[in-house]
Amino acid sequence: MHVVELRFECFDNTTITAAERAINGLLEAYRANGQVLGREFAVAFNEGEFRVRLLLPEKSSLAKRFNSPWVNYALEELTQAKLLHPREKYIGQDINSEVSSTETPSWQLLYTSYVHMCSPLRNGDTLQPIPLYQIPATFNGDHKRVIKWQTEWQACDELQMAAATKAEFAALDELSQCDSDLFRRGWDLRGRIEYLTKIPTYYYLYRVGGESLAAEQQRPCPRCGNTHWLLETPLLDLFHFRCDNCRIVSNISWDHL
Ligand SMILES: [Zn+2]
């Protein structure tokens with residue numbers, strides 16, 4: 001991932017409120033299209049211009065050709081707020097983050113965790129994140145629904161990892177049960193992405209608990225009951241199960257490995 005700074009200059013009298021609203025609108029639009037990662041943006045005002053540092057999946061993430069209709073609209077709104085189109089200054093590569101996938105994968109999956117800022121769409125051959133703007137818009141011109149699903153998945157993951165409140169159990173159900181709201185939404189998005197990209201796209205179903213390793217190995221696919229979904233060698237060292245019928249991958253409970 002890459003760090004850039006955007007600078008917004010005023011070309012006429014404006015108010016800080018109007019400028020901030022326009023800038024935040026643009027950042028939200030970029031985020032909903034996967035062009036900008038993360039959730040919080042510190043916009044600083046100094047010497048007549050606004051500056052914000054952003055994390056991008058690729059150096060070219062803000063190129064016009066990737067813009068959604070909402071991003072283009074938000075860029076026009078800058079003019080209304082008397083701001084020039086932003087100038088982009090490249091800061092450097094983020095040393096803590098994954099490199100985006102550039103090859104076409106043989107399969108892909110929806111996979112995230114509360115520590116991952118990158119795209120939840122992953123190359124199934126390498127696990128590298130695939131920038132969302134690189135695939136056709138999933139719904140209504142961008143990828144807002146995928147980002148929203150990811151945000152909620154991460155919130156549940158953080159609650160269950162903290163294991164400090166009663167919400168832990170409800171959160172764990174959302175991640176690990178195939179009748180949960182998060183599953184249904186994510187699994188539908190998976191289907192939409194597969195339809196749009198023509199690449200087999202799987203959903204990762206989280207698994208903890210269970211009685212023993214032996215019992216885990218006999219665990220059937222929770223969606224269709226398929227008992228032949230255990231793989232001889234785990235995919236990417238993470239996924240021990242794959243049901244091709246249901247397009248689900250899962251793991252042997254982390255408690256028994
Ligand atoms: Zn199945």
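Guide: The domain bounds used here come from an automatic or database domain assignment. The model itself is predicted: local features need pLDDT of at least 70, side-chain atom pairs count only at pLDDT 80 or more, and totals for chains, interfaces and linings use all residues. Residues are numbered from 1 along each chain as its sequence is written.

Visitor: Into which domains is the protein divided?

Guide: Domain 1 covers 2-93 and domain 2 covers 108-256. Taken over C-alpha atoms, their centres are separated by 32 Å. The contact between them takes 15 residues from domain 1 and 13 residues from domain 2; two residues are in contact if their C-beta atoms, placed from the backbone, lie within 7 Å.

Visitor: Which helices supply the side of domain 1 that touches domain 2?

Guide: Helices (H or I, at least four residues) and strands (E, at least two) are DSSP runs, numbered from the N terminus. On this side of domain 1, α1 (16-32) and α2 (69-80) each supply at least two residues. By class, the side of domain 1 that touches domain 2 has seven nonpolar, six polar and two charged residues. Ala, Val, Leu, Ile, Met, Phe, Trp, Tyr, Cys and Pro count as nonpolar, Asp, Glu, Lys and Arg as charged, and the others, Gly among them, as polar.

Visitor: How many helices and strands are there in the protein?

Guide: The protein has six helices and 10 strands. Its C-alpha trace spans about 70 × 40 × 35 Å along the principal axes. Of the 257 residues, 35% are buried. A residue is buried if 20 or more other C-beta atoms, placed from the backbone, lie within 10 Å of its own, exposed if 12 or fewer, and partly exposed in between. Among contacts with a separation of 6 or more, 63% are between residues 24 or more positions apart.

Visitor: What is the strand order in the sheet of four strands?

Guide: Strands of a sheet pair through backbone hydrogen bonds, either parallel or antiparallel. Here two strands pair if DSSP finds at least two bridges between them. The open sheet of four strands has the order β2-β3-β1-β4, with antiparallel pairing. Its edge strands, β2 (43-46) and β4 (87-93), each pair on one side only. Direction ignored, neighbouring strands of this sheet are turned by 25° against each other on average. Six bridges join β1 (residues 2-9) to β4 in the antiparallel sense, and L6 has E88 in β4 as its bridge partner. Helix α1 packs on this sheet, touching β1, β2 and β3 (49-56), and its direction makes about 15° with that of β3.

Visitor: And what is the order in the sheet of six strands?

Guide: This open sheet runs β6-β5-β7-β10-β9-β8, with mixed pairing. The edge strands β6 (121-123) and β8 (230-235) each pair on one side only. Its neighbouring strands are turned by 35° against each other on average, direction ignored. Antiparallel strands β9 (residues 239-243) and β10 (residues 248-250) are joined by three bridges, with R242 opposite V249 in β10. β8 and β9 pair in the antiparallel sense over two bridges, and L230 is partnered by F241 in β9. These two strands form a hairpin with three residues between them, and L236 in the turn has a positive phi of about 55°.

Visitor: Which strands does α5 lie across?

Guide: α5 lies across β5 (108-110), β6 and β7 (201-205), and runs at about 160° to β7. Axes are lines fitted to C-alpha atoms, for helices over the stretch in contact, and angles run from 0 to 180 degrees between N-to-C directions.

Visitor: How do helices α3 and α5 cross?

Guide: The axes of α3 (residues 144-162) and α5 (residues 181-197) come within 10 Å and cross at roughly 145°. In this contact, R145, V146, W149, E152, W153 and C156 of α3 meet L182, R185, G186 and L189 of α5. By class there are six nonpolar, one polar and three charged residues.

Visitor: Where do E47 and N140 lie?

Guide: Most residues other than glycine have a negative phi. E47, which is not a glycine, has a positive phi of about 50° and lies in the loop between β2 and β3. E47 counts as exposed because 5 other C-beta atoms lie within 10 Å. N140 has a positive phi near 45° and lies in the loop between β6 and α3. With 12 C-beta neighbours inside 10 Å, N140 also counts as exposed.
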